[in-house]
Amino acid sequence: MVKKIRVLVAKPGLDGHDRGAKIVARALRDAGMEVIYSGLHQTANQIVNTAIQEDVDVVGLSLLSGAHMTLFVDVVTMLKEKQMEDVLVVGGGIIPEEDVPRLKKAGVAAVFGPGTPVDDIVCFIKKNVKR
Amino acid sequence: MGEKDTIKKIREKQADWEKKVYSKAVQENPERKQKFKNLSEVEIKHLYTPEDIAENEYLSDIGFPGEFPYLRGVHPNLYRGRLWTMRQFAGFGSAEETNRRYHYLLEHGETGLSVAFDYPTLYGYDSDHPLARGEFGKCGVAISSLVDMELLFHGIPLDKITTSMTINGPAAIVWAMYIANAENQGIKKTQIGGTIQNDILKEYIAQKSYIFPPEPSMRLIVDTFEYGYKYVPKWNTISISGYHIREAGSTAIQELAFTLGDGIEYVKAAMNRGLAIDDFAPRLSFFFNAHNDFFEEIAKYRAARRIWANEMKKLGAKNPRSLWMRFHTQTAGCTLTAQQPEINIVRVTLQALAAVLGGTQSLHTNSMDEALALPSEKAVRIALRTQQIIAEESGVTDTVDPLGGSYYIEWLTDKMEEETYKYFDKVERLGGVIPAIEKGFFQREIAESAYRYQKETDEKKRIFVGVNRYKLDEEISIPILKMDEKGEERQSHRLKKLRKERDNGKVQKNLSRLRKAAEGEENLMPFILECIHSYATLGETCDVLREVFGEYKEPAVF
């Protein structure tokens with residue numbers, strides 16, 4: 001039996017916009033992945049701990065407040081500190097184009113903006129999952 | 001509407017027309033879809049005639065503007081008298097930066113202010129709280145104390161301009177800051193006008209910036225109702241909001257039903273406390289979304305007015321102003337595309353036009369770049385100009401409720417009302433609004449609609465120009481608003497200085513008086529105002545209430 005991809009869909013920071021996160025969570029589940037949804041208002045530390053406890057292959061971060069340069073980078077950095085570099089990190093939300101290269105450099109594998117078909121996210125994860 | 005004989009003749013003639021004319025035309029030009037459905041999944045017929053609104057009595061169901069049931073508007077002469085308030089929701093970075101944006105908007109013809117707060121402020125944390133990390137001034141302005149409030153409104157005459165503040169969990173505290181700032185300038189409470197959003201139910205349902213559990217939250221809201229009608233009579237003490245419910249993914253019918261349901265819940269809560277409905281109800285206001293389906297949106301606003309007037313009457317309201325459903329509208333942020341951002345101007349124009357044809361009292365038009373970032377000066381100026389063109393060039397403001405009497409619009413208005421009452425019954429069966437929230441009813445309904453909408457977009461059953469059709473393969477290049485990087489540092493310095501220099505004995509005394517009052521049953525507004533006047537910060541004041549009331553946590557479901 002093929003192991004199912006385990007994904008943590010997480011909402012870092014104080015942002016309460018959860019429409020996108022919930023849609024993506026559901027789409028990934030419908031695509032056969034095991035999805036854990038963090039709920040709202042998670043610190044980077046809480047997200048990384050959940051990722052470890054749940055032994056996930058992918059962390060999907062959603063943020064529409066504009067705090068992505070701090071909070072996405074916090075999550076990626078903490079994952080590295082915990083030797084979890086093999087976890088694929090992707091992100092989405094209201095993210096200016098010019099921030100995307102900097103996020104990628106920090107270790108966010110892909111950034112999905114408004115208007116992304118959910119299938120694109122499913123395909124990207126299936127293709128790039130590292131574990 | 002119309003004589004029975006006439007209706008009969010129309011029906012006969014229509015049957016004939018369907019057979020001979022319409023079906024022939026369809027054979028020659030097959031229809032583009034098998035079924036035409038609006039965004040609420042209501043099937044739309046090819047034609048509406050007097051028969052579709054035959055049950056409607058003009059005098060009792062439609063009536064005249066400014067008269068019950070207010071379907072055609074709450075004001076008899078609507079925009080022929082005064083145009084709607086052009087109120088752009090704005091806030092970013094520090095109070096000084098946002099103050100500059102307010103002056104810019106007012107210089108360009110804006111007629112009311114609307115404050116967007118950053119996340120720490122929305123949750124009642126000071127800017128230097130650990131949970132504020134990364135969020136300072138990001139999607140609104142950071143306001144941690146009366147000092148920030150003073151800077152925010154520097155040079156703006158608070159007795160002349162009205163201000164709407166999108167604040168919910170800590171609404172009472174931020175309102176106290178506004179009042180205190182006015183008082184310090186010698187402006188009386190009776191002279192200031194504006195709105196606090198103060199709608200916690202839709203926070204639990206959709207927007208999710210709540211602090212306290214439902215019961216103490218409702219108490220705080222009723223406190224503001226009572227304090228408002230007694231001391232700040234020109235203030236709208238709540239803006240019962242469907243906007244965020246819609247943005248979270250609901251349909252127009254769900255937006256309408258859940259919002260009015262919340263409204264009724266607030267009225268009942270205030271009446272249970274012993275407030276007289278005609279004292280507080282005239283200061284209740286509403287806030288709706290203007291989404292893509294043009295006629296559905298117009299019907300929604302019209303239906304909202306009639307339902308509200310009827311429901312308020314049932315609850316015993318006698319003052320006509322208690323029956324008025326006055327509302328603000330914002331065009332739908334969730335319809336903006338990051339792709340080809342300039343075409344958002346066109347979307348916004350259509351959405352804004354729907355709001356105006358629906359009789360809105362004030363309006364925010366989104367800027368074209370908002371799927372990417374907060375709006376640049378140029379983008380927000382174009383958004384404001386869009387309203388000015390509708391107001392002053394298009395001619396749609398020359399008559400009241402110009403679409404009233406349209407067979408389609410009146411039919412759709414009735415239909416939306418009917419569907420709203422079905423939702424009222426469902427919620428009633430779940431035990432009311434708060435039990436339904438606790439059972440996740442609204443949240444699930446919205447998530448379902450949002451998922452369906454996404455699927456239909458992905459499957460191209462719903463067309464999004466520039467996203468799933470007419471795509472361009474180009475780099476998105478649009479200038480993005482840059483914030484002052486020193487803002488956060490200045491704010492942190494300002495807070496430190498404030499905490500050192502103010503009369504801390506007085507602050508502590510006032511905070512403990514607030515704590516005692518919160519543990520009892522008194523109206524908390526005077527105590528909050530005392531804290532704010534002595535320069536207690538937002539976080540300090542909110543922490544007292546957090547300790548007494550506890551915090552709300554929602555179950556994480558998707």
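This is a predicted model: local features need pLDDT of at least 70, side-chain atom pairs count only at pLDDT 80 or more; totals for chains, interfaces and linings use all residues.

Reader: Which helix is Ile437(B) found in?

Author: Helix H18 of chain B, which covers residues 433–438.

Reader: And what is Ile437(B) in contact with, leaving aside its neighbours within four places in sequence?

Author: Leu201(B), Tyr204(B), Ile205(B) and Phe442(B). Ile409(B) is another matter: it sits 28 residues away along the chain, and its C-alpha atom is separated from that of Ile437(B) by 32 Å.

Reader: Let's zoom out. How many helices and strands does chain B come to?

Author: Chain B has 23 helices and nine strands. Of its 558 residues, 51% are buried.

Reader: What's the radius of gyration of chain B, and what would a compact globule have?

Author: Chain B comes out at 24 Å, and a compact globule of 558 residues would be near 24 Å, so the two agree. Along the principal axes, the C-alpha atoms of chain B fill a box of roughly 85 × 60 × 45 Å.

Reader: What about contacts in chain B between residues at least 6 apart in sequence? How many of those join residues at least 24 apart?

Author: That share is 78%.

Reader: How is chain B divided into domains?

Author: Domain 1 takes in 4–59 and domain 2 takes in 63–458. Taken over C-alpha atoms, the centres of the two domains of chain B are 35 Å apart.

Reader: And how many residues are in contact between those domains?

Author: 12 residues from domain 1 of chain B and 14 from domain 2 of chain B. On the domain 1 side, the residues split into six nonpolar, four polar and two charged.

Reader: Now strand S7 of chain B. Why is it largely enclosed by the rest of the structure?

Author: Seven of the seven residues of S7(B), 284–290, are buried, so the rest of the structure largely encloses the strand.

Reader: Which way do the residues of S7(B) point?

Author: Leu284(B), Phe286(B), Phe288(B) and Ala290(B) go one way, while Ser285(B), Phe287(B) and Asn289(B) go the other way.

Reader: Which strands does S7(B) pair with?

Author: One is S6(B), residues 238–241, in the parallel sense over four bridges. There, Ile238(B) has Leu284(B) as its bridge partner. S8(B), residues 327–331, also runs parallel to S7(B), with five bridges joining them. Across that pairing, Phe287(B) has His328(B) as its bridge partner.

Reader: Switching to chain A. What's the strand order in the open sheet?

Author: The order is S2-S1-S3-S4-S5 in chain A, five strands with parallel pairing. S2(A), at 34–37, and S5(A), at 110–112, stand at the edges with a single partner strand each, so each has one side without a neighbour in the sheet. The twist from one strand to the next averages 20°.

Reader: And S3(A), how many of its residues are buried?

Author: Six of the six, so S3(A) is largely enclosed by the rest of the structure. Val58(A), Gly60(A) and Ser62(A) point one way, with Val59(A), Leu61(A) and Leu63(A) pointing the other way.

Reader: How many bridges join S3(A) to S1(A), and how many to S4(A)?

Author: S1(A), residues 6–10, is joined to S3(A) by four bridges, and Val7(A) has Val58(A) as its bridge partner. With S4(A), there are six bridges, again parallel, and Leu63(A) is partnered with Gly93(A).

Reader: What lies across S3, S4 and S5 of chain A?

Author: Helix H5 of chain A, residues 118–128, running at about 165° to S4(A).

Reader: Last topic, the two chains. How many residues are in contact?

Author: 32 residues of chain B are in contact with 29 residues of chain A. On the chain B side, H19(B) gives the most, with five residues. By class, that side has 19 nonpolar, seven polar and six charged residues.

Technical notes
Residues are numbered from 1 along each chain as its sequence is written. Chains are lettered from A and ligands numbered from 1 in the order in which they are written. A residue is buried if 20 or more other C-beta atoms lie within 10 Å of its own, exposed if 12 or fewer, and partly exposed in between; C-beta atoms are placed from the backbone. Helices (H or I, at least four residues) and strands (E, at least two) are DSSP runs, numbered from the N terminus. Two strands pair if DSSP finds at least two bridges between them. Two residues are in contact if their C-beta atoms, placed from the backbone, lie within 7 Å. Ala, Val, Leu, Ile, Met, Phe, Trp, Tyr, Cys and Pro count as nonpolar, Asp, Glu, Lys and Arg as charged, and the others, Gly among them, as polar. The radius of gyration is taken over C-alpha atoms; the globule rule is 2.2 Å times the number of residues to the power 0.38. Axes are lines fitted to C-alpha atoms, for helices over the stretch in contact, and angles run from 0 to 180 degrees between N-to-C directions. Domain bounds come from an automatic or database domain assignment.
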